[in-house]
2 protein chains.
Amino acid sequence: MMKKQLIMEKALELFAMQGFEATSVQQITEQCGISKGAFYLSFKSKDELILSLIDHFMMQITSELDCIVRDTEKTNEVLYKFYYGNFSSFYKYSDFAKTFIKEQTHSFNEEFILKIHYYDSELEKIILSMIERIYGENLPAKLDIMYSIKGFMNTYSHLFLFSQVPFDLHQLAKSLVEKTDLLAKHAAVPFLTEELYQNIKHPVTEEEQKEKILEIIDQKIEGLKDDSIVQESFILLKKHLKEPTFGPAIVKGLLENIRHNSHCKWITYLLQSYLKM
Amino acid sequence: MMKKQLIMEKALELFAMQGFEATSVQQITEQCGISKGAFYLSFKSKDELILSLIDHFMMQITSELDCIVRDTEKTNEVLYKFYYGNFSSFYKYSDFAKTFIKEQTHSFNEEFILKIHYYDSELEKIILSMIERIYGENLPAKLDIMYSIKGFMNTYSHLFLFSQVPFDLHQLAKSLVEKTDLLAKHAAVPFLTEELYQNIKHPVTEEEQKEKILEIIDQKIEGLKDDSIVQESFILLKKHLKEPTFGPAIVKGLLENIRHNSHCKWITYLLQSYLKM
DNA sequence: TTGACAAATGACCGGTTAGTCATTATTATA
DNA sequence: TATAATAATGACTAACCGGTCATTTGTCAA
């Protein structure tokens, strides 16, 4: 139907300027020259409108990007076409891009969050498959490269969406290709491991986390028999985990004891996070 | 006063969870165990509260970061301390960091936008001075490195703020130091020029932009006498700029004519942007 | 011209909000 | 204890919101 398209277009203009929540249905219908009731003939609710917008544009953008990566035959051109394609899409659908970036972090309802996550993970999949194609399956810092690419995209998108300055997308893409290539070929200090990434995507429950921590503590108690203070601290922390025994001061002190051992940085973080210190 | 601090703390917890606009003054006062009226004895309005929060924490974080960069004597440690310090701050003030990131792109009022811009440009200054100290004044891709750093900070902050997974900040900082160093030492295809950066920070008026475009067009008309189609197109576009003459179809066609000349990519972007095509 | 059906309207509803202010409670002072 | 000054309250206002629905308008075929 025609009406639906009109509403989507005008609403997007307003959302880009003022944000979703700051824009009322009244305003949208005024901009369209229709009545408030007519809006609800096309959309069940204001939420359905933004959900439709996200689906409509993200399906477009995501599939375009996927085609680019899939159909570009020369491997050395893929990165360029990826960046150029992405920024072109953002340029073409700039009102949507502005809205999406603005509302990305605002979670109105469960369905909204799920949609954002879905398209984000689709993008991650596309980027990962691209990286694997260009640099091979076993690139050590694969996930870091992926996040670096996302970082570049975010920061530079922001720049050209929210400043009125005209951008040379070709030069931008070229510049980012070089940066990405440098990182992929030479970065040797990875941060994101497969395990960490899996945890981010599928957060473990508190109970599972506790089991994991206890396991590592047992390893440490066995492995660090030469440092009695650290060992004793681990034993006490293990007791505290199984049943809360100590006050925050003692727990903090025990954590300090183990933190200084260079083999215990990771477990210290795990404990700190689990105990919400 | 005590009350003020209490309100700021409790409000921040709620803002981090639900966002600023979704949190009512009622909710805040309930969380504090005070009446609604009491809120307005401490703050003139809800806006003043968030503005105070931003000032309080951003002054803290920004000055801490500045001290780190200033006081670290060994140049090869500055980058690490910068990243580590920044992520530590975000970890320490995670409720604030969450709120700030969520509301960054939402512009409630003029004062809010100004504040966000102010602290953002302070951060940029700190990063730039750090880069200059480490890599020298004349690093060609200085501004790109700065934006890359901002990109890394943003993406990884997001990751550790909005996932419950515990992070090894030491490893993260180390990894980002390596990436930044690689880019600074080897990136040779800059995107952000000083001129472009100045335009972003101090956008020119439409009139100034028009003058600049006309100037470049005159250059092109002189310099591209061998391609009569391109030349003719520029002459017509110049006429159209001085007084709108043609419909969108003709203008688009003229732009297409010049776009394909490899020397005209930049001016095509300028025109496209100015004419809002 | 009529009547049946669909499309469109906008007054209206219940709910929520930021912010106010007359009133009350608490504290300090004389 | 009496009085003045200050702190705190919460019912209240005015505005706005998303969403509804009885009513009107427009458009067909008969």
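A residue counts as buried when its relative accessible area is under 20%. By that criterion, B:L196, B:Y197, B:N199 and B:I200 are buried in helix α10 of chain B, which covers residues 194-201. The structure is a predicted model.

**Helix α10 of chain B**

- The buried members of this helix are B:L196, B:Y197, B:N199 and B:I200.
- Viewed down the axis of α10(B), the buried residues fall within an arc of 160°, so they line one face of the helix.
- An α-helix has 3.6 residues a turn, so residues three or four places apart point the same way.

**Nonpolar core**

- The largest nonpolar core comprises 146 residues.
- The residues with the most contacts inside this core are A:Y83, B:F82 and B:Y83.
- Leaving aside residues up to four places away in sequence, B:F82 touches B:L65, B:I68, B:V69, B:L123, B:I126, B:I127, B:M130, B:I149 and B:M153.
- In soluble globular proteins, nonpolar side chains tend to be buried together.

**Surface near DNA strand D**

- DNA strand D is surrounded by 14 residues, of which the closest are A:V25, A:K36, A:K46, B:K3 and B:S35.
- By class, this surface has 5 nonpolar, 5 polar and 4 charged residues.
- Helix α3 (36-42) of chain A and helix α3 (36-42) of chain B each supply at least two residues of the surface.
- The largest share, 4 residues, comes from α3(B).

**Contacts with phosphate oxygens of DNA strand D**

- For A:V25, a backbone N or O atom lies 3.0 Å from a phosphate oxygen.
- In A:Y40, a polar side-chain atom lies 3.1 Å from a phosphate oxygen.

- B:Q26 belongs to helix α2 of chain B, residues 25-32.
- Because its relative accessibility is 41%, B:Q26 counts as partly exposed.
- B:Q26 and B:I116 are 90 residues apart along the chain, and their C-alpha atoms are separated by 26 Å.
- B:S94 is part of helix α6 of chain B, residues 94-103.
- With 24% relative accessibility, B:S94 counts as partly exposed.
- B:S94 and B:L161 are 67 residues apart in sequence, while their C-alpha atoms are 6.8 Å apart in space.

Methods: Residues are numbered from 1 along each chain as its sequence is written. Chains are lettered from A and ligands numbered from 1 in the order in which they are written. This is a predicted model: local features need pLDDT of at least 70, side-chain atom pairs count only at pLDDT 80 or more; totals for chains, interfaces and linings use all residues. Side-chain values use heavy atoms; hydrogens and water are left out. Buried means under 20% relative accessible area, exposed over 50%, partly exposed in between (1.4 Å probe, protein chains only). The arc is that of the directions from the helix axis to the C-beta atoms. A nonpolar core is a set of buried Ala, Val, Leu, Ile, Met, Phe, Trp, Tyr and Cys residues joined through side-chain atoms within 4.5 Å. Contact means heavy atoms within 4.5 Å. A residue is near a molecule or strand if one of its heavy atoms lies within 4 Å of it. A polar contact is a pair of N or O atoms within 3.5 Å; within protein, one must be able to donate a hydrogen and the other to accept it, and residues adjacent in sequence count only if both atoms are side-chain atoms. Ala, Val, Leu, Ile, Met, Phe, Trp, Tyr, Cys and Pro count as nonpolar, Asp, Glu, Lys and Arg as charged, and the others, Gly among them, as polar.
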